[in-house]
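Please report on this structure.

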Amino acid sequence: MSDATSMGGFLGAVTASALLIAQASEAQADALTVTDIAGRQVTFTELPDKIVLGEGRMIYSIAPITTGNPFEKIIGWKDDLINYDPDAFRKYENAFPDDTARLINFGNPYAGDFSIEAVLEAETDLLLLDVGNLFKAKETGLIEKMETAGVNVAFVDFRRNATENTVPSLLMMGRILGEEKRAAEFIDFYIGQMRKVTNVVDQIPADARPLVAIENAAGWQADFCCWSFGPYNFGRFVELAGGVNYGSTLANAYSVDISLEGLIEADPDHIIATGANWKETRPEVTSILLGYDGDPVENQAKLQALAERTGFAQMRAVKESNMHAIYHQFYNSPYHFVAVQQIAKWLHPEEFADLDPQASFEELHDQFLPFEASGQFWASLK
């Protein structure tokens, strides 16, 4: 399949989904049937008022499609937002202190610490899960147990096939939350932001697309290299931004392990490390602490330290200051269009000279989020 054909498929899918939203009635019926991202039909006799999030980071997608308080119908979650993106959690905590304080930590839905009894005692209407864990949810009997007890289960996807499933996930969530109009507005914004890149990349020939290596969670384990992505998630972001993803040349898999020797031999044009504020939960990390409290001076020193690891200093990307870092949590939210824009600007600076990812990020906050942008979300080696 050609790049142009692939890009056309992406744009066609999101355009078709947008048309479906535009044609939908703004009046929300009490009874509702939706098809989730796992292809399962889920029927609600009435809109759910008590929702449990299988991941706290699902609030990234709920907030921009909610006209008021994004926690209004959320009764609990897994505490991954608190542990792995404390900067963002503090933003929500400051905006909605009473709501964040009342949330129940139900634990990991796919592990032994998840309390089904607590979910039932809370009279939960809906458990929202990530489709990447569909097999685990089936294997553990979680879906069957929930549905037998009268709790609906629905799957979304902002991680695995994010660029394909963000629009249908938002469409479904908008209907479930009774926020179809707001969801349509955000989807229109999302499509427009993605097209700022894809419409240009369509015209870039294959031989002008640089080789890019993504280092997933760089510094999570000291002196370890490397976790990466195949043609999914950040790997797909690289492809849409006009690059060749090194991990995709090794395996057609979501997660790909890269050896340091292989990376040195490939000598990519660009290296992009993902990072976030993991230090509060995992003090030993040497990661770039990107996020709402990110400090450019501190992060430049951390990026320099990653570049000085054994084997990295000799790579062309490091020598030419084409080693970068980007906010890890873009990988699990509908805000990944910002990552796609910034990667495109790194890979093709002339073609995207007028593109301003920071302005896009600020516009996202001004129009759709309940707090202002702050901090640092990407950096390049100086």
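## Residue classes and the second cavity

The model is predicted.

The lining residues of this cavity are Glu55, Arg57, Met58, Ser61, Asp130, Val156, Phe158 and Asn332. Its volume is about 60 Å³.

## Confidence

The chain averages a pLDDT of 93. A score of at least 70 is reached by 92% of the residues. Where pLDDT is low, the predicted coordinates should not be read in detail.

## The other cavities

How many cavities of 30 Å³ or more does the structure hold? There are four.

## The largest pocket

The largest pocket has about 660 Å³ of space. It is lined by 25 residues, and the closest to its centre are Glu55, Arg57, Arg159, Tyr254 and Tyr331. Two elements give two or more residues to this lining: helix H3 (80-84) and strand E9 (227-229). E9 gives the most, with three residues.

The pocket lining divides into nine nonpolar, eight polar and eight charged residues. Glu55 and Arg57 line this pocket and also the second largest cavity.

Is strand E6 (residues 126-130) mostly covered or mostly open? Five of its five residues are buried. Leu126, Leu128 and Asp130 lie on one side, Leu127 and Leu129 on the other, and both faces are covered. In a regular strand the side chains alternate between the two faces of the sheet. Asp130 also lines the second largest cavity.

E6 has parallel pairings with two strands. With strand E3 (residues 51-53), the pairing runs over three bridges. Here Val52 stands opposite Leu127. With strand E7 (residues 152-156), five bridges make the join. Phe155 in E7 is the bridge partner of Leu129. Val156, at the end of the E7 range, is one of the residues lining the second largest cavity.

## The open five-stranded sheet

A further set of five strands forms an open sheet, ordered E10-E8-E12-E13-E14, with mixed pairing. Strand E10 (244-245) and strand E14 (378-380) stand at the edges with a single partner strand each, so one side of each has no neighbour in the sheet.

Strand E13 (residues 323-327) pairs with E14 in the antiparallel sense over three bridges. Ile326 stands opposite Trp378 in that pairing.

Strand E8 (residues 211-215) contains Leu211. Beyond four places in sequence, Leu211 touches Val244, Tyr246, Ala266, Pro268, Asp269 and His270. Gly247 lies 36 residues from Leu211 along the chain, and their C-alpha atoms are separated by 9.9 Å.

## The E1-E2 hairpin

Strand E1 (residues 32-35) and strand E2 (residues 41-44) run antiparallel, joined by four bridges. Val34 stands opposite Val42. Five residues separate the two strands in this hairpin, and Gly39 in the turn has a positive phi of about 85°.

Which side chains of E1 are buried? Leu32 and Val34 point to one face and are buried.

## Helix H9

Helix H9 (residues 162-177) has 13 of its 16 residues buried, so it is largely enclosed by the rest of the structure. The cut-off for buried is under 20% relative accessible area. Gly178 follows the helix with a positive phi, near 70°.

Key: Residues are numbered from 1 along each chain as its sequence is written. This is a predicted model: local features need pLDDT of at least 70, side-chain atom pairs count only at pLDDT 80 or more; totals for chains, interfaces and linings use all residues. Side-chain values use heavy atoms; hydrogens and water are left out. On a 1 Å grid over the protein atoms alone, a cavity is a set of points where a 1.4 Å probe fits but cannot get out, and a pocket is an open set with protein on both sides within 12 Å along at least five of seven lines; lining residues have an atom within 4 Å of a point. Grid points are joined across faces, edges and corners, and a volume is the space filled by probe spheres set on the points. Ala, Val, Leu, Ile, Met, Phe, Trp, Tyr, Cys and Pro count as nonpolar, Asp, Glu, Lys and Arg as charged, and the others, Gly among them, as polar. pLDDT is the predictor's confidence in each residue, from 0 to 100. Buried means under 20% relative accessible area, exposed over 50%, partly exposed in between (1.4 Å probe, protein chains only). Two strands pair if DSSP finds at least two bridges between them. Contact means heavy atoms within 4.5 Å.
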